Amino acid sequence: MRVPVELHDVETTIEAARDALTTADRAAVRAINLAHETGAREIVERELQALEAAHA
Amino acid sequence: MTTLQALLDKLATITHLTTRLQAAVVRLLAVDSAADAKVARLRQDSEPYDLMGAEHHRKDIAHFRTEYRRARALAAGAARYDLESSAPKFEHAARTFIADRRRDPYVTCPDARNHMRPGDMLNEAIYRELRRPYVAGMTIDQLSPAYQHALDTRDAAAAIDLQLIEERVLRAVSQSWTKICRRSRRCPR
């Protein structure tokens, strides 16, 4: 009753984030901090643009 | 303390980062088919390329696979890092916010503190302490009507009653759970 309606799905969001991380782990995806891998930034940005375009 | 708007902004960010990571992993797992499709497209678009032979096409497929895998693994890794570094903070902020809201009787009685001055706030605190033993001594039959009356009134005294009754009920629930857990540990399996 006191929790705003906008936050009613917060558990689903947290669960989805956990699932995505588990899937990434199973696919042997290693976390990469772009702040430490400056050479990779351009490639990643290009890939992420392709991802966004595929989703648009 | 986190505001609702800040939390909603973070919620939108987490949703976006989750979708991005899911898509990046799907894309990474589809490297082989993407490389095959690329060479098939090249063969279709250019006859000289098509005539270069199966060995050449195999080499190109291997090249594209390596290139795609590297780029997509980097993108998925960056997406994982972004989600991994923000999800736990968001979860903590959301749980704290929700727990605080659930405990706050002034969300139910938003006008209870209207026009209160510092002296009134002191009186409110004193009243809460005077009321505490009374609520603690209420029987189960008295708690529900008192709670209902507070919900109907929603003034400063009602907010205090809501708070004290909820604290008492939650304490009782927590003690019951502790007893059940202790008992179940003793039970032979």
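How many helices and strands does the secondary structure of chain B come to? In this predicted model, chain B has eight helices and zero strands, where helices (H or I, at least four residues) and strands (E, at least two) are DSSP runs numbered from the N terminus. Residues are numbered from 1 along each chain as its sequence is written, while chains are lettered from A and ligands numbered from 1 in the order in which they are written. Because the model is predicted, local features need pLDDT of at least 70 and side-chain atom pairs count only at pLDDT 80 or more, whereas totals for chains, interfaces and linings use all residues.

**Confidence**
- Chain B averages a pLDDT (the predictor's confidence in each residue, from 0 to 100) of 92, and 97% of its residues score at least 70.
- For the complex, the predictor gives an ipTM of 0.90 and a pTM of 0.77.

**Chain B**
- From the N terminus on, the elements run α-α-α-α-α-α-α-α.
- Chain B is more spread out than a compact globule, because its radius of gyration, 31 Å, is well over the 16 Å that the globule rule gives for 189 residues; the radius is taken over C-alpha atoms, and the rule is 2.2 Å times the number of residues to the power 0.38.
- The C-alpha trace of chain B spans about 95 × 55 × 25 Å along its principal axes.

**Contact between the chains**
- Chain A contributes 29 residues and chain B 36 residues to the contact, two residues being in contact if their C-beta atoms, placed from the backbone, lie within 7 Å.
- On the side of chain A that touches chain B, α1 (10-26) and α2 (41-55) of chain A each supply at least two residues, and the largest share, nine residues, comes from α1(A).
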